[in-house]
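Here are my notes on the model you passed along. Have it open while you read.

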Amino acid sequence: MMATHWFKPPVPVIGERPGMTYNVNSVEAASEYLVKWAKRGRKWNQAVSACMAAMAGEATAQEARRCFRLAAIEEGQLPSCS
């Protein structure tokens, strides 16, 4: 079983249902969200690379978190209150 790479603090993202917000709290959860997003711009590519590197032990979970948050902004998935 693979170790979970936790985010501190979690990154809130807009949920699939209106009004729902989910707190993405790990590299693994971020990876699952990234594959659902449609735009896949430059920040998305950086986030995917950072998540893969973190899971391989070549980057920190916090670096992956930072990239994931920027990708969420680029995708329009970060709630306006964050």
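The points below go from the overall fold down to single residues.

1. Ground rules. This is a predicted model, where local features need pLDDT of at least 70, side-chain atom pairs count only at pLDDT 80 or more, and totals for chains, interfaces and linings use all residues. Residues are numbered from 1 along each chain as its sequence is written, and side-chain values use heavy atoms, with hydrogens and water left out.

2. Fold. You'll find three helices and two strands in the chain, in the order β-β-α-α-α along the sequence. The radius of gyration is 12 Å, close to the 12 Å from the globule rule for 82 residues, so the chain is as compact as a globular protein of that length. For the record, helices (H or I, at least four residues) and strands (E, at least two) are DSSP runs numbered from the N terminus. The radius is taken over C-alpha atoms, and the rule is 2.2 Å times the number of residues to the power 0.38.

3. Dimensions and packing. The C-alpha trace spans about 35 × 25 × 20 Å along its principal axes. Buried residues make up 38% of the 82; here buried means under 20% relative accessible area, exposed over 50%, and partly exposed in between (1.4 Å probe, protein chains only). Looking at contacts between residues at least 6 apart in sequence, 54% join residues at least 24 apart, with contact meaning heavy atoms within 4.5 Å.

4. S26. Take a look at this one in strand 2 (residues 21–26). S26 is buried, at 4% relative accessible area. Setting aside neighbours within four places in sequence, S26 touches T4, H5, W6 and F7.

5. Salt bridges. The count is two, a salt bridge being a side-chain nitrogen of Lys or Arg within 4 Å of a carboxyl oxygen of Asp or Glu. One joins E16 and K36 (3.3 Å, N to O). That pair links distant parts of the chain, 20 residues apart: E16 is in the loop between strand 1 (6–14) and strand 2, and K36 is in the loop between helix 1 (27–34) and helix 2 (42–55). E16 counts as exposed at 66% relative accessibility. R66 and E63 form a salt bridge at 2.9 Å, N to O, and both lie in helix 3 (residues 61–75), three residues apart, about one turn of the helix. R66 is partly exposed at 43%, and E63 is partly exposed at 31%.

6. Backbone details to check by eye. The peptide bond from K8 to P9 is cis, with omega near -5°, and P9 belongs to strand 1. What is phi of R40 near? Phi of R40 is near 50°, a positive value in a residue other than glycine. R40 is in the loop between helix 1 and helix 2, and counts as partly exposed at 38% relative accessibility.
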